[in-house]
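Here is a short briefing to read beside the structure.

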Amino acid sequence: MALTDSKVDTGKLPSAGISQYLAILRLDHSTKHVFIVPGIILACLLRGVRSDHPAASIVLGLLAAVCIASANYVINEWFDRDFDRHHPTKSQRSAVRSVMDGKIIGAEWLMLVALGLLCAAATSHLMLFAAGLFALQGIVYNVPPLRSKDKAYFDVISESVNNPLRLLIGWAMIDPTSLPPGSVILCYWFGGAFLMAAKRLSEYREIAASHGSELLARYRASFAHYTEVSLTASCISYSLFSVFFLSVFLVKYRIEYILAMPLVVMLFTTYFSMSTSPGSSAQKPEKLYGERGLILIVLALVAVFLLASFIDMPGLARLAEQHYITLQ
């Protein structure tokens, strides 16, 4: 990973201090690790606790996730600094507003990855596998010549792989001997793709309206190949795929879970509507906890899911059987 100096003239920028090098860790984005929780819950419900030391696994797993995520943010800010200058708000990031040393950035990234992998290795082989993929994703997404974030559609698919990886981290905390169902992994992946596509749609609508679409292409190369229509269509596609794989899981593993489907649809619909509003929180997923309506839907969804986990409803099994309405 070559941490070369910026091509932009930085002569008038101040040198970065400790606070700037700490700021690029983006510890305030740790709220995104809430996506680990469903992995914990699903493993408990479907497999039971199979970890010898679940409490220690949860603590070490969370530390591993935070460290690897911060390592990814470090190289994200470093390699994006020349592009973030063209973004209305990201132009205020530390890597843009100050001159940073590539050697320090490299050491910071290496230390975080090493600490994250060490915590993961102390938990289980599965946790180490998930943490390793998490770190690899940061390289593929941010570092040239791979830099998948500059390739339309592949940027969304590659970034959203963090979702199933967080699910896997949560699962490994409870059951390091198996993998989550494939339908859940794909549901999580496409659900994450929907979130990332909605984020890009929100950015496209807002920045194109205020600063022009040419600025978007300078900020992120992939935007040169997007339109508002194509981003909207991709949001619909990703959400449909996510709901499809979720439906497979619901019917296959416990038919009672089907009762949660209306709330799932409501959740996707509300989030999409929110992403089309000016100044949407969809551009900053770490701030979603402030969206009261969205949080209420999530809480209702969790409540229904938990109730459906422990209350048997035999009559619902008929929904998975073949029935025909005969006319004679």
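C235 is buried, with a relative accessible area of 0%, where buried means under 20% relative accessible area, exposed over 50% and partly exposed in between, with a 1.4 Å probe and protein chains only. The model is a predicted one, in which local features need pLDDT of at least 70 and side-chain atom pairs count only at pLDDT 80 or more, while totals for chains, interfaces and linings use all residues. Residues are numbered from 1 along each chain as its sequence is written, and side-chain values use heavy atoms, leaving out hydrogens and water.

**Cysteines**
- With a disulfide taken as a pair of cysteine sulfur atoms within 2.5 Å, the count comes to 0 disulfides.
- C235 is in no disulfide, since the nearest cysteine sulfur, that of C187, is 16 Å away.
- The sulfur of C119 has its closest cysteine sulfur in C67, at 5.6 Å, which is too far for a bond.
- C119 is buried, with a relative accessible area of 10%.

**Nonpolar core**
- A nonpolar core is a set of buried Ala, Val, Leu, Ile, Met, Phe, Trp, Tyr and Cys residues joined through side-chain atoms within 4.5 Å, and the largest one here has 83 residues, of which M100, I169 and Y271 touch the most other members.
- Helix α9 (residues 182–211) gives the largest share of this core, 13 residues.
- Leaving aside residues up to four places away in sequence, M100 touches several residues, among them A16, Y21, I24 and W78, where contact means heavy atoms within 4.5 Å.

**Helix α9**
- Helices are DSSP runs (H or I, at least four residues), numbered from the N terminus, as are strands (E, at least two).
- The expected span of a helix is 1.5 Å times one less than its number of residues, so the 30 residues of α9 should span 44 Å, which agrees with end C-alpha atoms 42 Å apart.
- After α9 comes G212, whose phi is positive, near 95 degrees.
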